[in-house]
Amino acid sequence: MTDNDNSHKGGRPKSAKGKARTKTISTRLTLAEWKAVMKRITDAGKKPSHFLRDLLLHGKVVAARTQEDRQQIRMLEGGCNNLNQLAKLAHQQGFPRTKSKIMDLLDEFNKIIERI
């Protein structure tokens, strides 16, 4: 093999020096403890290594957003686009003409935020 053949081995590139995670911590659990930990990991929606790393480094784990939360956030984003359009319309036609539409949209925002 030549040097040229070695340069394209494929696979994932190596992490920068000092950034690679090379150390491990292990512990033994009873079956009941293991099930309890796995339930918490599943409920958080994270991979076990990410969950445990967050727990060890920060003392807490923030759960990943649920599908419903992500849907609500998308609805807010869409509403923000509508609000921008209404702001443009308010500049063109005057605020009094668009006030009711803007207030309706803000009420929708508040309902979505309460659900999140």
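Read from the N terminus, the elements of the chain follow the order α-α-α-α-α. The chain has five helices and zero strands; helices (H or I, at least four residues) and strands (E, at least two) are DSSP runs, numbered from the N terminus. With a radius of gyration of 25 Å, well over the 13 Å that the globule rule gives for 116 residues, the chain is more spread out than a compact globule. That radius is taken over C-alpha atoms, and the globule rule is 2.2 Å times the number of residues to the power 0.38.

This is a predicted model, in which local features need pLDDT of at least 70, side-chain atom pairs count only at pLDDT 80 or more, and totals for chains, interfaces and linings use all residues. Residues are numbered from 1 along each chain as its sequence is written, and side-chain values use heavy atoms, with hydrogens and water left out.

**Overall form and surface**

- The C-alpha trace of the chain spans about 70 × 55 × 20 Å along its principal axes.
- Of the 116 residues, 11% count as buried; buried means under 20% relative accessible area, exposed means over 50%, and partly exposed lies in between (1.4 Å probe, protein chains only).
- The chain exposes about 10,500 Å², of which carbon and sulfur atoms supply 53%; accessible areas come from the Shrake-Rupley method with a 1.4 Å probe, and for residues only the protein chains shown count as cover.
- Among contacts with a separation of 6 or more, 34% are between residues 24 or more positions apart, where contact means heavy atoms within 4.5 Å.

**The largest pocket**

- About 570 Å³ of space lies in the largest pocket; a volume is the space filled by probe spheres set on grid points, which are joined across faces, edges and corners.
- On a 1 Å grid over the protein atoms alone, a pocket is an open set of points where a 1.4 Å probe fits, with protein on both sides within 12 Å along at least five of seven lines, and lining residues have an atom within 4 Å of a point.
- The lining consists of 19 residues, and I25, S49, L52, R53 and L56 lie nearest the centre of the pocket.
- Helices α2 (31–44) and α3 (48–58) are the elements that give two or more residues to this lining.
- Helix α3 gives the most, with seven residues.
- Eleven lining residues are nonpolar, five polar and three charged; Ala, Val, Leu, Ile, Met, Phe, Trp, Tyr, Cys and Pro count as nonpolar, Asp, Glu, Lys and Arg as charged, and the others, Gly among them, as polar.

**Residues in helix α4**

- Q72 is placed in helix α4 (residues 67–93) and is buried, with a relative accessible area of 8%.
- Leaving aside residues up to four places away in sequence, Q72 touches I112, R115 and I116.
- N84 also has its place in helix α4, but counts as exposed at 55% relative accessibility.
- From C-alpha to C-alpha, N84 and A64 are 29 Å apart in space, and they are 20 residues apart in sequence.

**Residues in helix α5**

- T98 belongs to helix α5 (residues 95–115) and is buried, with a relative accessible area of 1%.
- Not counting residues up to four places away in sequence, T98 touches L86, L89 and A90.
- N110 is found in helix α5 and is partly exposed, with a relative accessible area of 44%.
- N110 and N84 are 26 residues apart in sequence and 17 Å apart in space, C-alpha to C-alpha.
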